[in-house]
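Open the model in your viewer and keep the selection tool handy. We will go from stop to stop, picking a few residues each time.

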Amino acid sequence: MNLLDFYRQYPDEASCEEALRRFREHHGLFCSQCGGLRLSWNPSHKSWTCMDCKHEMQLRSGTVMQGSHLPVRDWFAAMFLLTATKRAISTKEIQRQIGRKRYQPVWEMVHKLRDVMGKRDGGYPLHGDMEVDEGFFSTETPEEQKDCPLKRGRGSQRKTSVLVMAESSLPKTPPAKKYSTPKSVGHIKMQVIDDFKASTITSKIKQGTDGNADVTTDGFSSYVSLEKNGVASSHHTVVTDDKRSVGKVLPWVHIVISNAKRSILDTYHDIKAEFLQLYLNEFCYKFNRRYFGCRLFDRLELCACSYRADFKHRIYFVCVIPGEHEVDLKMAAKVSGNKKCDLIPMKELLPLTGYIRGGCSPIGMKKHFPTYIHHTCKDFPFIYVSAGVRGLQVKLAPDDLIRVSQAEVCTLFADTEE
């Protein structure tokens, strides 16, 4: 599907919802309660009702879109932008293209799509001749280790370990063109791992293969017991000091690692280790479907309708209210665009904001969080906020506080007339 086809097929929200309904019904829809197949569509509720147990299923239930407040058309547009090019696209660019004001919901939407990409690929084990090797991807230094001396090598705080597997075999007929490697590649898998222990690597390879693969690795000691543990039908080890010869025997894992690194560095520049697997999911999903062309959008649409995302992430924001009042959490959730919210545990205050209890201020935190200030701030000539330590205050005009904290004026509790 190209850009013109997308706008022609999905001109508005109603057409997207109708397409989602038809797509789900075409690919097999059943009751999530009893498993019944007799479902009746209720257009006024945008839901199906099971004729056997009377359970009601919403249009988005059981899909990656379940629980999201974003329009279905935004989800379709994000899926199209993710699949329209072989290169990666940043969430900021997707936000700009679909015209959303807030970044966080779009960021969560894209990560949920990357999550189900990984689930879809997880259903296809690798087989045949395989290359296995490890790679090290640059990620952000964890917050708690930023003040520590930077280590070198595998133990560096800025490196995250990734196990890479690739189906790689010699073609039956030699290619007409001369390529850098004579081997052809099938599907690939990339898994973030905590360590390089033999048990960890064996477990990941066992999960990602059918158990009958012919595995080729380098001389790393953690690969020694692959054949003995029944993970592979045969295991070949390449031991050499010449990096060029290793690249000829294990060409595709090195190509995949270098391409993934370049894609991440080119588009995102720097990412957190906790999200690296999601970016690798997207890279592998596109690589494994590199010949699908315009049909890739349809495949991702099927993937989005078949899986629910496990991705969850905390969103932090700041509420500024008069000292004698309490914030209404339901109102705070509504103005921030979330389903629900809660106060953070006190033990998280210092590492998150850099301030101690009794000295927390809406200005000067470790990083900027979305800030919301109650509308009665306009009624005061000056506002006193904490200066970061107990007993010390900063006197600011309301407009100055709004400007410095980049706050949005809204209602955070119910006003009562005295």
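Start by selecting D121, which is buried, with a relative accessible area of 10% (buried means under 20% relative accessible area, exposed over 50%, partly exposed in between, with a 1.4 Å probe and protein chains only). D121 sits in helix α5 (helices are DSSP runs of H or I with at least four residues, strands are runs of E with at least two, and both are numbered from the N terminus).

A word on the model: this is a predicted one, where local features need pLDDT of at least 70 and side-chain atom pairs count only at pLDDT 80 or more, while totals for chains, interfaces and linings use all residues. Residues are numbered from 1 along each chain as its sequence is written, and side-chain values use heavy atoms, with hydrogens and water left out.

Now show the surroundings of D121. Not counting residues up to four places away in sequence, D121 touches K189, C284, Y285, N288 and R289 (contact means heavy atoms within 4.5 Å). A polar atom of the D121 side chain lies 3.4 Å from the backbone nitrogen of Y285.

Next, select N281 in helix α9, residues 276-288. N281 is buried too, at a relative accessible area of 12%. Leaving aside neighbours within four places in sequence, N281 is in contact with R114, D115, M117 and G118.

Stay with α9 and pick Y279, together with Y268 in the loop between α8 (251-267) and α9. Y279 is buried, with a relative accessible area of 11%, and Y268 counts as buried at 13%.

Move on to helix α10, residues 296-306, where 8 of the 11 residues are buried. Its buried residues, F297 and L300 among them, pack against α1 (3-9), α2 (13-26), α3 (72-83), α5 and α9.

Colour the aromatic rings next: the structure holds 19 aromatic pairs (rings of Phe, Tyr and Trp, the last by its six-membered ring, pair if their centres lie within 6.5 Å; planes under 30 degrees apart count as stacked, over 60 as edge-to-face and the rest as tilted). F6 and F297 make an edge-to-face pair, 6.0 Å centre to centre with 85° between the planes. This pair links distant parts of the chain, F6 in α1 and F297 in α10, 291 residues apart. Both F6 and F297 are buried.

Definitions and conventions: A polar contact is a pair of N or O atoms within 3.5 Å; within protein, one must be able to donate a hydrogen and the other to accept it, and residues adjacent in sequence count only if both atoms are side-chain atoms.
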